[in-house]
Amino acid sequence: MSNLKLGVEVVSAHNLMPKDGQGSASAFVELHFDNQKFRTTTKEKDLNPVWNESFYFNISDPNNLSNLNLEAWVYNLVKTTNSKSFLGKVRLTGTSFVPYSDAAVLHYPLEKRGILSRVKGELGLKVFLTDDPSIRSSNPLPAMESSVLTDSHRTQAQGPVQQVQNIVQNMVQAAFSNDKDKAEARHTFHHLPNTNVPQQQHPAAMSQEPGRFGADQMRAEPQGPRIVRMFSGSASQPLDYQLKETSPILGGGQIVGGRVIRADKPASTYDLVEQMHYLFVRVVKARDLPTKDVTGSLDPFVEVRVGNYKGITKHFEKNKNPEWNEVFAFAGDRMQSSVLEVVVKDKDMLKDDIVGFIRFDLSDVPTRVPPDSPLAPEWYRIANSKGEKNNGELMLAVWYGTQADEAFPDAWHSDAASHHDSSAAGSSYIRSKVYHSPRLWYVRVTIVEAQDLVTTEKTRFPDVYVKAQIGNQILKTKPTQARTLNPLWNEDLIFVVAEPFEDHLMLSVEDRVGPNKDETIGRTIIPLSAIEKRAEVRHDDRIDRSRWYHLEKAYVMDVDQSKKDKKDKFASRLRLCLFLEGGYHVHDESTHYSSDLRPSLKQLWLRTPSIGVLELGILNADGLHPMKTRDQKGTSDTYCVAKYGQKWVRTRTIMNSLSPKYNEQYTWEVYDPATVITIGVFDNCHVGGSNGNRDLKIGKVRIRISTLETGRVYTHTYPLLVLHPNGVKKMGELHLAIRFSCTSLMNTMLIYSRPLLPKMHYIKPFTVMQQDMLRHQAVNIVAARLSRSEPPLRKEVIEYMSDMDSHLWSMRRSKANFFRLMSVFSGLIAVGKWFGEVCTWKKPHHNRAGLWNYRGRPRYPPHMNTKISYADNVHPDELDEEFDSFPTSRGSELVRMRYDRLRSVAGRIQTVVGDVATQGERFQALLSWRDPRATTIFLVFCLLVALVLYITPFQVLALVAGFYHMRHPRFRGRLPSAPINFFRRLPAKTDSML
């Protein structure tokens, strides 16, 4: 019998409808699930009741879980008639149930039972799945009697339980195939299925019409690139710094003007990159190898050679039947031989001995095209130098394929191989990889008060503060100088943490006994895994959810021995309110270039469905600047990194090439069009005999999703522009192919009216200084986690991709933001001058806004612009200031202090000026079709407004507008309105800022 149970914690209700005729209600909750029914206690005369009662339902058939519904009915008890009146209900579908570790308290709006029902308020529930055998199901619901209605048959909430991942996955799969509850969908608090499986490509977006070019057609000379101007007028820049539109022949066909011209052959799986042909050699194992040493032992390894390229497996000591299972990939356009040679050797101190070899004629090698099954390896007899095949056997598989082959990501590549290390083990540091950054959370630590502090000096009152630490993050409260041993703070300290929660929150109460001298009064340590998760802030959380924690003496405290020497505990205690904030999005990148806007809590992700698929093909780079010297020649060992959401991708490192060809394709799910994908190019300074400690940046590209038309393939070469102390410099060009496929047009249009960030950012926002500090900590956490991968994604790469220093002061950037602001106001002045000329009959009336500008709308993604960035004629002294260290190294101590203060204050002024300019640029983008979907919505809205204005008298409109703007605060929402949300999603020229 299955131990799977559904746990429901009924927490509280808020703002219920009065039903007793005296402005109040006596509320209780009935839970219905799988033919089981439970009831809470009755809270008399309370419109905001708090229950905190837990119930557990047996699940008769776990495979049918997705078809079951949980219903919570809220009733008012009428004691005079021993009856109940309806207050509202909540209905949750089985696809929304999650394991205990992902569950949090969510407040659901109460729904009506019928058209005539009067309902308001919300119900707080925590719903989760558990298979803990120690948990028993709750007692069944008794008969309804007035004497027992106030009794509950409940069980206490248990601790964290084991996750039920396999059941949840089966439930999700069943949810997509069952349409049984579609008719009742409008009566349900909607959820999308919770998917714990990795994101995959959307089948509808990935399917293509037949068409693929062969190798001979791919070698055809492409058309010359067409230069496209980024901005008109004063924003134009040198031709060498502009985008160039190309027409490459990719796996799906030739791209002409963003459209794919199909060929006669079927399309490749990788249809946004050029097909690259490889010779794959899989070395599986050997058996019955002969001995070569005098001692009778053998240390075998295999060397695979094609022309001047060779790959080497790892060697095994004293093993005649080794197993390697390593794959080697030789680029087809670089092979200068018609023979493949596989040599088995014996590792020796002085010279490796040859055990035997196998030769293949490359004209006889078969070709494999996915989705064909992998080629089965075969046993081949090893021949010695005399041609005798009695030296054992080697299992091999040899075939031709492309980068779509499953063996490609983990293979050793000839174009990425180093002359210093040709082994497959060494290639693990330069191969392509996909990374997932950890899910980040905010931890809110509210220091309320302390009681009965004990100090060493009894003759004075303590000057105390609380120091909180998680990892290397340390925050302190303000010192309280109240003449009491029970100090009060009521301060919030915010930290950033990452899953899994393995750290501890350490708090200590410090007494300032003298200048620069503090004494610890007591400490307490709290595991992060024990802190409650919550989806939103309630007004009574600080009162109802706070707890007292005993302080222990400093010499007693230890993380692993916190329960030792309990006799040393003393009466001092600290009152805290601790929460893992799941309703916020943790910014780990610049707010202007965010690639993900979803909250931390996975349950809230279910409300935001995917709107499309983003596909990126990293084709090649050209004209790269040499970053190092090898063999007295300038060269580079480059790789690309792309970031969107929590998914980071890294291409393989191409060694010794200033024009590397990557031809790798990646896919992301898109949940919001107002996001940006960032692609960077770096030089690998840790391979090929390099002695560098940091990977050097070559340049990066940013592309906003909302500027891409649905279904169009954008193929452009992007100049890699980097600002150096001696000015802006072009480091080369990066050739990309990108396509956004919209899977739900309705969801895409609706998302323009929703808030850009989760609602907690508006209900309880952070200050500007808090945002900068928390973003800095988030970037450090992501960098520390990804740097432990193999190959590591190093800290300097994470910081450059996340624009970690974008908030620092720069005279050049401040001037750029000022001129952006002037450009916006100059447009308003021009409109006023034009209107005056029309009124004086100097110019005929005409209108170039809206539909007229559709013909000249931008047809390419935005890119960095040296003119807008004010980087083309910047003064050398200003560049010296921008690249100066922080704190400055110029001048005396007094100049350093004033200089740093100026940079810190001016950095915030610079941000404000940039934000003001962004608002004006969003209005310009609305009329210039920069975001085609947003402009379409705006024009339809203008048409409707025009119709309303035409048929409605002006007096009525003025009256309605007056009543609307003067409405009572009770009818005002705390979240931004739909027009404001729409306006904030419009693109600005921040994407073009260096």
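I checked the accessibility of Glu 44 first: its relative accessible area is 41%, so I noted it as partly exposed. The model is predicted, and I kept that in mind throughout.

Next I looked up the partner. Glu 44 meets Lys 79 in a salt bridge, side chain to side chain, at 2.4 Å from N to O. I placed both residues in loops: Glu 44 between strand E3 (36–39) and strand E4 (50–58), Lys 79 between strand E5 (69–78) and strand E6 (83–93). The pair therefore ties together parts that are 35 residues apart in sequence. Lys 79 has 53% relative accessibility, so I logged it as exposed.

I then turned to Glu 341. I found it in a salt bridge with Arg 305, with the closest N and O atoms 3.0 Å apart. Here both partners sit in strands: Glu 341 in E18 (residues 339–346), Arg 305 in E15 (residues 300–306). This pair ties together parts 36 residues apart in sequence. Glu 341 is buried at 17% relative accessible area. Arg 305 comes out partly exposed at 27%.

Asp 637 is buried, with a relative accessible area of 0%. Arg 630 is buried too, at 12%.

I also traced shared partners. Salt bridges join Glu 303, Arg 305, Glu 341, Lys 345 and Arg 359 into one network.

Last, I ran the search over the whole structure. How many salt bridges does it find? I wrote down 39.

Notes. Residues numbered from 1 in each chain as written. Predicted model: local features only at pLDDT ≥ 70, side-chain atom pairs only at ≥ 80, totals over all residues. Heavy atoms only, no water. Salt bridge = Lys/Arg side-chain N within 4 Å of Asp/Glu carboxyl O. Helix = DSSP H or I, 4+ residues; strand = E, 2+ residues; numbered from the N terminus. Buried < 20%, exposed > 50% of the residue type's maximum accessible area, 1.4 Å probe, protein only.
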